[in-house]
Each structure stands twice: as C-alpha cells, then as structure tokens.
Amino acid sequence: MKVSRSIFVKFQKLIVSASIYGAIGFSCKTPGNQGAVLQEAGAGKNAYTELNSSIITMGTEGLQGDMCTGMVERAARYKQSRIMFVPTLYWVAAPDESVDYYCIDRTPCTPADRAQIANLKSKMQQCFQKAIDANLSIAITPHLDDGLSQGRWRNLLNFDPLKKHKGFSYSEAILYPLVDALKAVAKPDTKIYFGLQGEMSATIFRHPKSWQTVAADIKKRFTTGEQAVLAGHIKIGVSTNFNKL
C-alpha cells in the first residue's frame, strides 16, 4: 500500500504517540524504589526506568466483581507512577471485511446498545477510581477483537471511526464510555495518555482525516464541561501495529 507524504505529515503528532506508548509499556520501580539502575554514560547519575503494569479487560465480562479493581490494587503495590488499561471490545465483520457492527461483549456478540455502553462506562469507572485513589497516571489503549473468533486481525481492519454501524460509530460505542468513565473520577491534574486505538494501522492510514477529527473530539470531551481535566495533562495519540502497517 502506498501512503502519500502528506498523510504522514498530517499525522506526525499522532503517530509519534506510538513511541509514547512504547515508553509506557516499558516503564517500573520495584517496592522501595530498588529497581534496576541504569548508569548514564559520562553523566555519573543513576536513572530509573519504570516497568508499568497493564490491565487487560475483555468486554464487561472482565470487569465483574473485583477482577479489574483487584488487578489495580496489586499493581499499585509496586510503587509505579502510571498504569495502562487495555479495554478490549469487539467487532463483527461485514461481507466486505469492514465493520458490520461493534459489540461490548463476545458472548453473545450482539450490536452495542445504549444500555450496554452505559454498563461499560459504569464498570470501567469503578476500575479507574481505584487507580486514581492510588495517585496513578492513566494510560488507555483500547483494542478490538474479532467478535466471532474467526481469526480476523485487527491490524487489517479498514473502518472509518466516524461512520455508524447499526446505530453507533467507533467513537460512540468504544471511546466515549471510556472517556466519560475516566473523566468522572479523574482529578483536574491527573496525567492521561489516551490511545484512540491499539495495534490498528489500516484504519489510520486509510482514514486519516477522520482520526484527526476523533482526536480533537476526544480532547474536547476531556477538557470541557463538568469535571474537566486540564488540557496540558492529556496526551492523545494512536497506536500502530509494531510489525506491519
């Protein structure tokens, strides 16, 4: 696939976040701050590199009881400053291999509706609250999995995040409940690293203008209205697949 230079230029600020999330993923101080020490060449200073925990949840099925909050509590014991959430939702493919509709849960993978989206927000909010109470910065990289378990790869999924599928766009079904859940419990100065998607490259390069619109929309949703988060404390980006565009 040929990609014009103009698309790369337009997406420079978004694509650079791939390196941001790489830093997040490889960032940990062990209890007592006795983590590995890297000696800075020629500087004579000790530098600590955090290794942050990732909390992977599968629909709302992975948010039942204390499944998510318990993972946050265990992660918080390791004196890290940031935690990554990887909420995984689902899509069902259309005949042309684009999106037919989005699902919140896989069993069954029915088209997302308002009640399911509200339930996702409520359960994610409880988990985010645990992280905020532990004074952790929050990183989020949502993923989509094949809702029918037929082996489709999210990286090849070609969809417009603004286009509605059976009532809801990707932004409405996947991103808004995550934004609203975090905004409801975040402090004004909570540091937030929000990935618009995870390991999905085809959609980024085929619909760059839509993703630029989504990025601006998500930033505005965080920073306006009640319980607004300070704009300077939020980084919005995308996450390309690590081995293939």
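## Packing of helices α6 and α8

The crossing of α6 and α8 is right-handed. In this predicted model, the axes of helix α6 (residues 170–185) and helix α8 (residues 208–223) approach within 10 Å and cross at roughly 25°. Angles under 35 degrees count as roughly parallel, and α6 and α8 are therefore roughly parallel to each other. In general, two packed helices are described by the angle between their axes and the distance between the axes.

On the α6 side, the contact is made by Tyr 170, Ser 171, Leu 175, Tyr 176, Val 179, Asp 180, Leu 182 and Lys 183. Helix α8 contributes Trp 211, Val 214, Asp 217, Ile 218, Arg 221 and Phe 222. Sorted by class, the residues in the contact of α6 with α8 are nine nonpolar, one polar and four charged. An α-helix has 3.6 residues a turn, so residues three or four places apart point the same way.

## Strands β8 and β9

Strand β8 (residues 192–198) pairs with β9 in the parallel sense, over five bridges. Within this pairing, Ile 192 stands opposite Ile 234 in β9.

Strand β9 (residues 234–239) is mostly covered, as five of its six residues are buried. In a regular strand the side chains alternate between the two faces of the sheet.

Helix α4 (residues 67–76) has the buried residues Cys 68, Thr 69, Gly 70, Val 72 and Ala 75. The elements that cover these buried residues of α4 include β3 (54–58), β4 (82–93) and α5 (114–133).

Methods: Residues numbered from 1 in each chain as written. Predicted model: local features only at pLDDT ≥ 70, side-chain atom pairs only at ≥ 80, totals over all residues. Heavy atoms only, no water. Axes fitted to C-alpha atoms, helices over the stretch in contact; angles between N-to-C directions. Helix = DSSP H or I, 4+ residues; strand = E, 2+ residues; numbered from the N terminus. Parallel < 35°, antiparallel > 145°, perpendicular 65-115°, else oblique. Left-handed = near helix turned anticlockwise from the far one by under 90°. Contact = heavy atoms within 4.5 Å. Nonpolar A, V, L, I, M, F, W, Y, C, P; charged D, E, K, R; others polar. Buried < 20%, exposed > 50% of the residue type's maximum accessible area, 1.4 Å probe, protein only. Pairing = 2+ DSSP bridges.
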